[in-house]
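Please look through the sequence and the model shown here before reading on.

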Amino acid sequence: CRYCKEIWEARATKISHKGSTRSDEEVEQAIKAQFERSRKILDIREKFYNEYRKFLTPKQIQSVYNQERKIMLHLQNRWK
């Protein structure tokens, strides 16, 4: 689905986790990148909520979000 694809792309943004070897500036950039990624995901969810709301009930929309969460967890577990 288009929604899942956009969320997946937003979450796929690579953020470096080098631990304590990073400078304060690198850590700050990583934190800001995480904020940006979270904003992008929220924007996508809101956009699709407004589209879905035209033909789905709130409970059905919640079901879509629950499916998204399950898929993401499944894929994360496969990569580990």
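A residue counts as buried when its relative accessible area is under 20%, as exposed when that area is over 50%, and as partly exposed in between, with a 1.4 Å probe and protein chains only. Tryptophan 8, at 28% relative accessibility, therefore counts as partly exposed, and its place is in helix H1, where helices are DSSP runs of H or I with at least four residues, numbered from the N terminus. This is a predicted model, in which local features need pLDDT of at least 70 and side-chain atom pairs count only at pLDDT 80 or more, while totals for chains, interfaces and linings use all residues. Residues are numbered from 1 along each chain as its sequence is written, and side-chain values use heavy atoms, with hydrogens and water left out.

Leaving aside its neighbours within four places in sequence, tryptophan 8 is in contact (heavy atoms within 4.5 Å) with Met72, Leu75 and Trp79. Although tryptophan 8 and methionine 72 are 64 residues apart along the chain, their C-alpha atoms are separated by 8.1 Å.

Helix H1 (residues 2–11) and H3 pack at an angle of about 45°, and their axes are 11 Å apart; the axes are lines fitted to C-alpha atoms, for helices over the stretch in contact, and angles run from 0 to 180 degrees between N-to-C directions. H1 and H3 are therefore oblique to each other, a word for the angles that remain once those under 35 degrees are called roughly parallel, over 145 roughly antiparallel and 65 to 115 roughly perpendicular. On the H1 side, Tyr3, Cys4, Ile7, Trp8 and Arg11 meet Val64, Tyr65, Glu68, Met72, Leu75 and Trp79 in H3.

Helix H2 (residues 24–52) also packs with helix H3 (residues 58–79), here at an angle of about 140° and with the axes 10 Å apart, and H2 and H3 are therefore oblique to each other. Arg45, Tyr49 and Tyr52 of H2 make this contact with Ile61, Val64, Tyr65 and Glu68 of H3.

Which residues does glutamate 68 touch, leaving aside its neighbours within four places in sequence? They are Tyr3, Ile7, Arg11 and Arg45. Glutamate 68 lies in helix H3 and, at 1% relative accessibility, counts as buried. Its side chain is joined to that of arginine 45 by a polar contact of 3.0 Å, meaning a pair of N or O atoms within 3.5 Å of which, within protein, one must be able to donate a hydrogen and the other to accept it, while residues adjacent in sequence count only if both atoms are side-chain atoms.

Notes. Helices (H or I, at least four residues) and strands (E, at least two) are DSSP runs, numbered from the N terminus.
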